[in-house]
Structures are given as structure tokens and as C-alpha cells.
Amino acid sequence: MPALKPTDFSATVTWLGRVPAEGDGLRSVETKMLELGFEGPSGERHAGLTRASCSRVLSQHPRGTEIRNCRQLAIMSAEEMADIAERMGLKLLEPEWLGISVVVEGLPDFTHIPPSSRLQGPDGVTLIVDMENRPCVLPGREIEADREGFGKRFKPAAKGRRGVTASVERPGRLALGDCLRLHVPDQRLWAHVEAL
């Protein structure tokens, strides 16, 4: 487990949502609060201690392999959402279209906070940041349903701005207006990162 260093950086929760367990779309439903257990948000499509592996991890596991679920929550920043909307030619990018759980405001370069960082809420609820959530075509389908002609613009506009995936380290409650403090791993960058 990494040694974590509290920072003076924090974010405010400005929107919360849940992707219903039933159905096949990605659209989130807005909520005022999320109760988070070790499985993530109860009754939500992305909840669970494990999940079936998907296309994003084919280099590591055959599709459908049971793996630990580090994608219980999808978190984006309001600032990056505004940037994506501008790049797409939209006035606003609705959180519901993106299948996200949490929108935060106030953390610069949010999509690129270090993997294994923690976001800790006022009641102690703690989220483990997995890594950048790369854009895919699924939000584009939701956008297209409401804003015809704009869906295909999402993936290129969201590159490097799609937020992060996370899982629950310590259960608790997230509510609108909560402040999440950023804790980062206390280690240097890998010396060979440039070779990648």
C-alpha cells in the first residue's frame, strides 16, 4: 500500500448520479446523495467487489474474466466538462449523458491526478483513484439522443479530460457540497516513464 501525503488541494462535489442497474444505456440519474459501501453505490450498474473484464484490459485478461472492480465510480471535473462542451460546440455537457457518478469542482488537471490518490470526504468516506477514464463511444450515444449531430464529437473532445475511475476504500456518504481532500502517493515518478 502506498504511503499517502495529504495535500492542500480539494474539490467540491457539485453533482451526483447513479447509472441504474437495469437497462443497457449509460445515462445517469441525478441524486442528492450517494451511500457508498465497499461495493460502491448500492444498486448501481458499476457496483460490486468484482467485475467482468472488458476491452480496456484485454492486454492483461481475456474478455469476461472476473477481476477486482476498480471502476465502481466515474468522477469528472466541472472545469474539464466545460472544456469538452466548448470543444464540441455545445453550451453545456449534461452529466447524465456521461454515465458518471460524481462531478467535482476545484482540482486542476483533474483527469491526471496520480493513480492511487485518495479523495476523502467529511465523514471519512475515502475513494481510491484508479486512473484516467479514457473516452469511449457510449456517452456519444446518449449525447446524440438529445443533441443530434453532436454525439461523435465527444470522444475526440474528451481525450485527456474524461476524469478518473475510482473505488471505495472506506464506506460513507457523499452529498452535494461535500469537500473532498486530495491525498497523493508519496513517491517519485517511475524513472523510465519517458520510454513508454
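I first looked up arginine 162, which sits in the loop between helix H3 (154-158) and strand E11 (164-170); helices (H or I, at least four residues) and strands (E, at least two) are DSSP runs, numbered from the N terminus. The model is predicted, with local features needing pLDDT of at least 70 and side-chain atom pairs counting only at pLDDT 80 or more, while totals for chains, interfaces and linings use all residues. Residues are numbered from 1 along each chain as its sequence is written, and side-chain values use heavy atoms, with hydrogens and water left out.

I noted that arginine 162 is buried, that is, under 20% relative accessible area with a 1.4 Å probe, protein chains only, where exposed means over 50% and partly exposed lies in between. I looked at its contacts (heavy atoms within 4.5 Å) and, leaving aside neighbours within four places in sequence, found among them Ile75, Leu98, Asn133, Pro139 and Phe154.

I then turned to helix H2 (residues 138-146), whose buried residues are Pro139, Gly140, Glu142 and Ile143. Seen down the axis of H2, these fall within an arc of 160° and so line one face of the helix, the arc being that of the directions from the helix axis to the C-beta atoms. The face of H2 turned away from this buried side carries the exposed residues Arg141 and Ala145, while the buried residues of H2 pack against helix H1 (78-88) and H3.

Last, I checked leucine 174, which, not counting residues up to four places away in sequence, touches residues including Val13, Leu36, Val102, Leu127 and Leu180.

Conventions: Lys and Arg count as positive and Asp and Glu as negative; His and the chain ends are not counted. A salt bridge is a side-chain nitrogen of Lys or Arg within 4 Å of a carboxyl oxygen of Asp or Glu.
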